[in-house]
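Me: I would like to learn how to read a few features of a protein model, starting with the idea of a contact. Could you take me through them one at a time?

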Amino acid sequence: MISPPALNAVLNGASAILVTLGYVMIRNKRILAHKACMIAATVTSAIFLVSYVTYHYRLYAAGQAPLHFPGTGAPRIAYLTMLTSHTILAIVIVPLVILSLARALRSNFVAHKRIARWTLPLWAYVSVTGVLIYVVLYQIYTPPHP
């Protein structure tokens, strides 16, 4: 069975791939493929958000804390810098995705394009750094097994 953190990393990775494919599709004027990719990326990200919040809620309800980065020195600074930027942008990206999607679904493509220029790279960054955070925290600095 896949752990909740691993599931969240898979969902983040899938979102990053879908956002990238959506960008490639619109650059190649494949509008329906772009729309399908971006809707799939939105659904994937929404599933991630529900999974992430549920996992952390259950941890706190059980009196447990999430895993903390055990490294020191430069690796710790690098990890915390990535985590901080990821967290801040993850908060920022939610209304941007909703606004971008709403404008596209209303066929307001001029306004959609204007906001999507910000949304897409930030969304890709948040998705990719989500995977990197998992890899660093759960694969490179493997937690001890009881």
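Reply: A contact means that heavy atoms lie within 4.5 Å. In this structure, if residues up to four places away in sequence are not counted, H86 touches Y125, V126, T129, G130 and I133. This is a predicted model, in which local features need pLDDT of at least 70 and side-chain atom pairs count only at pLDDT 80 or more, while totals for chains, interfaces and linings use all residues. Residues are numbered from 1 along each chain as its sequence is written, and side-chain values use heavy atoms, with hydrogens and water left out.

Me: In which helix is H86 found, and how many helices does the protein chain have?

Reply: Helices are DSSP runs of H or I with at least four residues, strands are runs of E with at least two, and both are numbered from the N terminus. The protein chain has four helices and zero strands, and H86 is found in helix α3, which covers residues 73–105.

Me: Is H86 buried or exposed, and how does I91 compare on that scale?

Reply: Buried means under 20% relative accessible area, exposed means over 50%, and partly exposed lies in between, with a 1.4 Å probe and protein chains only. H86 has a relative accessible area of 12% and is therefore buried. I91, which also has its place in helix α3, is exposed because its relative accessible area is 62%. For the protein chain as a whole, buried residues make up 34% of the 146 residues.

Me: How do the axes of helix α1 and helix α4 cross?

Reply: Axes are lines fitted to C-alpha atoms, for helices over the stretch in contact, and angles run from 0 to 180 degrees between N-to-C directions. The axes of α1 (residues 4–27) and α4 (residues 109–140) come within 8 Å and cross at roughly 150 degrees. Angles under 35 degrees count as roughly parallel, over 145 as roughly antiparallel, 65 to 115 as roughly perpendicular and the rest as oblique, and α1 and α4 are therefore roughly antiparallel to each other.

Me: Which residues of α1 and α4 meet, and what is their make-up by class?

Reply: Among the residues of α1 in this contact are P5, A9, N12 and Y23, and the α4 residues include L120, W123 and Y138. Ala, Val, Leu, Ile, Met, Phe, Trp, Tyr, Cys and Pro count as nonpolar, Asp, Glu, Lys and Arg as charged, and the others, Gly among them, as polar. By class, the contact of α1 with α4 has 14 nonpolar, five polar and no charged residues.
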